[in-house]
Each structure stands twice: as structure tokens, then as C-alpha cells.
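Subject: Structure handover and findings

Dear colleague,

Please find the structure below, together with its sequence. My findings follow it, arranged by region.

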Amino acid sequence: MNSASATAERRARSLSGPGNRVEEDRPVLSVHELKKYFRLSGGPFGAARGYVQAVDGVNFSVSKGETLGVVGESGCGKSTTARLLIRLIKPDQGRILLDGQDVDGPNGISVRALRHQVQMVFQDSYASLNPRHTAAEEVSFGLSAQGVARFEARRRANEVLDLVGLEPRVFADRYPHELSGGQRQRVNIARALALNPRVLILDEAVSSLDKSVEAQVLNLLIDIKKRLGLTYVFISHDLNVVQFVSDRVLVMYLGKVVEIGPVEKVYRSTGHPYTRALIESRLSMDPRRRIAAPPVAGDLPSPINPPSGCRFRTRCPIVEPICGIQEPPLEVVGDDPLHVAACHALAPRSGHSLAPARISQTSSLSGA
């Protein structure tokens, strides 16, 4: 048995231990009414000039072993949400629960305990590595900070480097500038795996890689997830990549969740006009299927002063007066209660001309 297989088996055994068992009907990670506003200084007498509404009332959950893909335009709040999940920045409001325990709550778990179980892989593979650390030193640093003996930390670092496809004898003592982009990102993944997390947050982890290297890293992530029983929150601009790796997809627009559901349902029968525009904006491999006009027009509104009601209304092709008056709730799309979207055209008796006349049984489930 090679070292990678041995490492995988040890990791699988550790995950099945009593301290890591999760009730099947409870999400491993859940978010309730998460909000983060960034203060803009420069007002008179030191007052705030305004607030950037980066994340505004976000709700979602991630089940054990699931990959939740998060998509949206730049500035929609994806990366801020990721940093809130790992508590790199503190939320203004809302709750983050790990296995039902409130993070940093009076009777919950500490941020330190959260980071033992939730780790993050960043977009910039070079900037996120210490240029004065070798690959092995970077991977073992977190272990050493947790009090693990130096020899044991180095042994564990070699194991996870081998697991991500970097031969320790060749790569362990190399510095970041001596590695390619794909190799650096593998070091980042190894660093995240060193502490035996259960959840990985991948923030644009493959967006800066060449397509061939991107495919290798994606296959590596899928393989590691199966071996170690991990749960992923996968953030990306690339809708094809998200469709390839995800079980469910969450779509964000200006700090709000506008649609969430199983990946095939979202891609085949979109419920929100913004999601439809994103999917239609993908380039086709068929030269006969060219996009004659942009699927969505206009620029993203300012998050300092977002539109009233539905935030997408200034760019929406089916906008009506109700869209500027009231914020739409999440409503069931079709007959799947797991697929919901925030659009007045889906809300029964909302006043939108495309809204259904009656409240269906599945629609009532979404509001429960």
C-alpha cells in the first residue's frame, strides 16, 4: 500500500470516530441571516459616509459530504461570505452553526475549534504562501502552532504533500517561487488538509490555473473528497466548473441569495432571471451558436445604495412595478421543494403578471 492510500485510510478512520460523527439529518454547516456591512469613512466629524452592503441576510446549509457551488458576478459577496464562514472577518449579524453548535456563541464552539474543522483554500496560490517557507514548512506550520512536535508535524506534512500529488523528496524543500502555479495550489490544498478538517472552503481555487492544470486540480479535489469524506463550499466564476463539481448551486447577487437548488435543476430549469442570464452567457463550443446580444445588460448597481425591492430589477427583462416595492421571498421552482428562487414571478398572488394564481403545496413548504 502506498503512503497516499495509507493516509486516506487513516483519515477515513479518524472521521468515523465518535468525536466526528454527524447526525445524518443535520447539516454540517449552516448559516442564518448572515450580514456584513463595511463602513465607509469620510463623513463630517468622523461619521460614516455610507456602508457597503457586502452580505445581507444570507441563509443556506451544507450537508455532510456535499459540494455546494457558489456563483455570481464580481462584487456579489461570494468571497466575503467565505471569509465570514471561516471567521477571518466578523459578521455584523447572523449565526454560523457547525454541527448545530453556534460558532462563538455563549453555549457554542470557539472560533479556534471552528478552524480545526473548517479550512480555506484561497484564489492566489502565490500570495497565500509565505515566500520564506518551503512547501513542507508551510504545510506543517499550522500543526506546529497547535503544539504538534516538529518531527511529527514534518511527517504529517510529507503525508499530505504525497496525498495531493507532490513527491516529498522532490518538492518538500522547494520555495514557492520554485513551484509552478498548479504545484503551489497543491501546496495550499495540502496546508488546508494538514489539520484534518471536515469542511473545505475553496474560493476561486482553480480560476488562475491553465485549463489542463485546472482539470488536474479539479480531479484531485474530487478524489480527495471521496477518500476523506470531506464537504466542500466551492466558489467560482466558471459555471462549467461549478456544474462539474457541485451537488447544489447557490446564486448570489448584490449580497443576496437569489436562487439555490440541485445543480441539474438550476441549470436546466432556472427560476431567477439572473441565473438564466449567467447560464446563457457561457460561451458555446459550437461556432453556429453565437451570442448575438448580451444575456444581461447594464452594470452591477452599487452595493452602497442597492436598488429597493428586488436588487436585480434594474437589469431584469421581466421587471414590473411590484419589483421595486417589495423584496421577493424565496419560492419553490417547479415541483422540487429543494429548488427555490427569489422572484415575484414565482410568488403566488405577488402582483406580478407572471405569478401563479394559487399557492401550491410545494410553495407552502418553502416558507415553512
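**Helix packing**

The axes of helix α7 (residues 181-193) and helix α8 (residues 211-228) come within 10 Å and cross at roughly 20 degrees. Please note that this is a predicted model. Angles under 35 degrees count as roughly parallel, and α7 and α8 are therefore roughly parallel to each other. Their crossing is right-handed. On the α7 side, the residues in contact are G182, R186, I189 and L193. They meet V213, Q216, V217, L220, L221, I224 and L228 of α8. Sorted by class, this contact of α7 with α8 holds eight nonpolar residues, two polar ones and one charged one.

A second pair of helices is formed by α4 (residues 135-145) and α5 (residues 150-163), whose axes are 8 Å apart and which pack at an angle of about 125 degrees. That angle makes α4 oblique to α5. The crossing of α4 past α5 is right-handed. From α4, the contact involves A135, A136, V139, S140, L143 and S144. From α5, A153, R154, R156, A157, N158, V160 and L161 take part. By class, the contact of α4 with α5 comprises eight nonpolar, three polar and two charged residues.

How many aromatic pairs does the count give, with ring centres required to lie within 6.5 Å? The count comes to three. The ring centres of Y253 and F312 are 5.2 Å apart and their planes stand at 85 degrees, so this pair is edge-to-face. Y253 counts as buried, at 1% relative accessibility. F312 is also buried, with a relative accessible area of 1%. Ring pairs link Y253, Y274 and F312 into a cluster.

Y274 is one of the buried residues of α11. That helix is mostly covered, with six of its eight residues buried. Besides Y274, the buried residues of α11 are P273, T275, A277, L278 and I279. Their cover includes β3 (67-71), α9 (239-245), β9, β10 (256-262) and α10 (263-268).

**Strands β1 and β4**

S30 is found in strand β1 (residues 29-40), and R95 in strand β4 (residues 93-98). Are these two residues buried or exposed? S30 is buried, with a relative accessible area of 8%, whereas R95 is partly exposed, with a relative accessible area of 41%.

Leaving aside residues up to four places away in sequence, S30 touches F60, S61, R95, I96 and L97. With neighbours within four places likewise set aside, R95 is in contact with S30, V31, H32 and D102. Between R95 and V258, the separation is 163 residues in sequence and 20 Å in space, C-alpha to C-alpha.

Yours sincerely

Technical notes: Residues are numbered from 1 along each chain as its sequence is written. This is a predicted model: local features need pLDDT of at least 70, side-chain atom pairs count only at pLDDT 80 or more; totals for chains, interfaces and linings use all residues. Side-chain values use heavy atoms; hydrogens and water are left out. Rings of Phe, Tyr and Trp (its six-membered ring) pair if their centres lie within 6.5 Å; planes under 30 degrees apart count as stacked, over 60 as edge-to-face and the rest as tilted. Buried means under 20% relative accessible area, exposed over 50%, partly exposed in between (1.4 Å probe, protein chains only). Axes are lines fitted to C-alpha atoms, for helices over the stretch in contact, and angles run from 0 to 180 degrees between N-to-C directions. Helices (H or I, at least four residues) and strands (E, at least two) are DSSP runs, numbered from the N terminus. Angles under 35 degrees count as roughly parallel, over 145 as roughly antiparallel, 65 to 115 as roughly perpendicular and the rest as oblique. A crossing is left-handed if the near helix is turned anticlockwise from the far one by less than a right angle, and right-handed if clockwise. Contact means heavy atoms within 4.5 Å. Ala, Val, Leu, Ile, Met, Phe, Trp, Tyr, Cys and Pro count as nonpolar, Asp, Glu, Lys and Arg as charged, and the others, Gly among them, as polar.
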